[in-house]
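Here is a short briefing for a first look. Keep the sequence and the 3D view open while reading.

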Amino acid sequence: MDKVALKKHLSWKHIPLALQIAIAIILAVIIGSLLSSQAANNADYINHLAIPCNLILKALRALATPLIMLAVLHAFLTADIPGRSGRRLTVLLLTNTTVAIFIGLFVANVLQPGSWGRLSAPSSTEASSKTLDPWGLVQDIVPDSILKPLVDNNVIQLIFISLAFGVVLRALKAQQIAESKTYYQAIEGVITILFEAVIRILHWTIALVPLAVFGIVAKTVALQGFAPFKSLGAFILAVLLALSLQACYYLLRVKFGSWVTPKNFLAGGSEALLTAFSTASSTATTPITFEALLSKIGLRESSASLGALVGSNFNNDGTALYEAMSALFIAQVLGLHLSLPQQLIVVITAIFASVGAAGIPEAGLVTMTLVFTSVGLPTQYIALLVTVDWFLDRCRTAINVMGDMTVSCLLDGKKPLNRVCCSRSVP
């Protein structure tokens, strides 16, 4: 290997993001420990370590709304969704996501992982003033202007606008295809290129995440020691338990709602689940998921394509569960109390945010800013979660893929296509 190739191979950008974050954490702990002895006299300077974190999170918050809007429009214009099956698919996706969020909130309320450590709550937090007003929520769905949701980071208004335009553009596309017209291709091309452009900017921002982790961890260790991080261990266990319960829910739905047995479901989909865990990308796993549903589990092609190819554009159960638990966890760590109405706001926001989150890199990190904002939680503490997010992201991606597989099985019904499918359902 020549010097140029070796230098390129060893460059920072070729190091996996998870390893970059691990290096940043180690360096932050060292620097934070060295600065801890000077915390009393240099608190203001130590607080400056969080500036990169604040800037990166502001960038993520700014990208979140256009990303979700473009993702929804792109999915509506490019996905092939038949009418009746599409309605059933929508019900299944919403049901799975809602159950996932309630499981996450239930586990977080019972185990209280945030009570293992405390952080000082910033004086500017608005969490205590947020309440649920159902009628006000209904009236607030329609924004005063089309651009207002993008400015205010109002995810409910944003999804309403996105769905409205998505449905209309899809109908116009179908009409023009029937009339042999191609005008729709221009707007489809614009939305596609804008979506890819924002995704590229997001990649640049995510590349700076290790810097944000370094700053917030070094600052926290210097000013408060390691006590706040004790709760992260409890948080990991709580999230893993919640994801396991969601997996059990999927297996029950498969057992009672389709002809596939849970044993064959897990055996046939094992390769897809392992790929999802290893790559942390449901998009990259999609071809493997589709092939497993067809050749190993034995589903009809229409059912497999709806669940694995179309449903994956909207399904993000594991991410929605994680976002809800994260909001409650940070509130517990800060010593704040999220009432039941506030937790319902988290549920509603997480459901709507998950609609456009599939296919977005580090979707949980991006849309979490919207969930936190909905109940007035300070978004700067999201960086603390990034220290463990590299592992939990892989776990929730596997659950996302398992959700896609479950939807496909439910769409396939309780009768197999033929006896051959049943006999080859186990690889």
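Met 325 is in contact (heavy atoms within 4.5 Å) with Gly 104, Leu 105, Val 107, Ala 108, Phe 235, Ala 238, Val 239 and Ala 242, leaving aside neighbours within four places in sequence. This is a predicted model: local features need pLDDT of at least 70, side-chain atom pairs count only at pLDDT 80 or more, and totals for chains, interfaces and linings use all residues. Residues are numbered from 1 along each chain as its sequence is written, and side-chain values use heavy atoms, without hydrogens and water.

**Nonpolar cores**
- A nonpolar core is a set of buried Ala, Val, Leu, Ile, Met, Phe, Trp, Tyr and Cys residues joined through side-chain atoms within 4.5 Å.
- Buried means under 20% relative accessible area (1.4 Å probe, protein chains only).
- The largest core has 109 residues, and Phe 235, Met 325 and Leu 385 touch the most other members.
- Helix H4 (residues 51–78) gives this core its largest share, 15 residues.
- A second, separate core has eight residues, including Leu 89, Leu 93, Leu 306 and Leu 411.

**Ser 162**
- Ser 162 lies in helix H8 (residues 155–178); helices are DSSP runs (H or I, at least four residues), numbered from the N terminus.
- Ser 162 counts as buried because its relative accessibility is 0%.
- Ser 162 touches Met 69, Val 72 and Leu 73, not counting residues up to four places away in sequence.

**Helices H13 and H14**
- The axes (lines fitted to C-alpha atoms over the stretch in contact, with angles from 0 to 180 degrees between N-to-C directions) of H13 (residues 282–297) and H14 (residues 301–310) come within 9 Å and cross at roughly 155°.
- H13 is therefore roughly antiparallel to H14; angles over 145 degrees count as such.

Notes
Helices (H or I, at least four residues) and strands (E, at least two) are DSSP runs, numbered from the N terminus. Angles under 35 degrees count as roughly parallel, over 145 as roughly antiparallel, 65 to 115 as roughly perpendicular and the rest as oblique. Buried means under 20% relative accessible area, exposed over 50%, partly exposed in between (1.4 Å probe, protein chains only).
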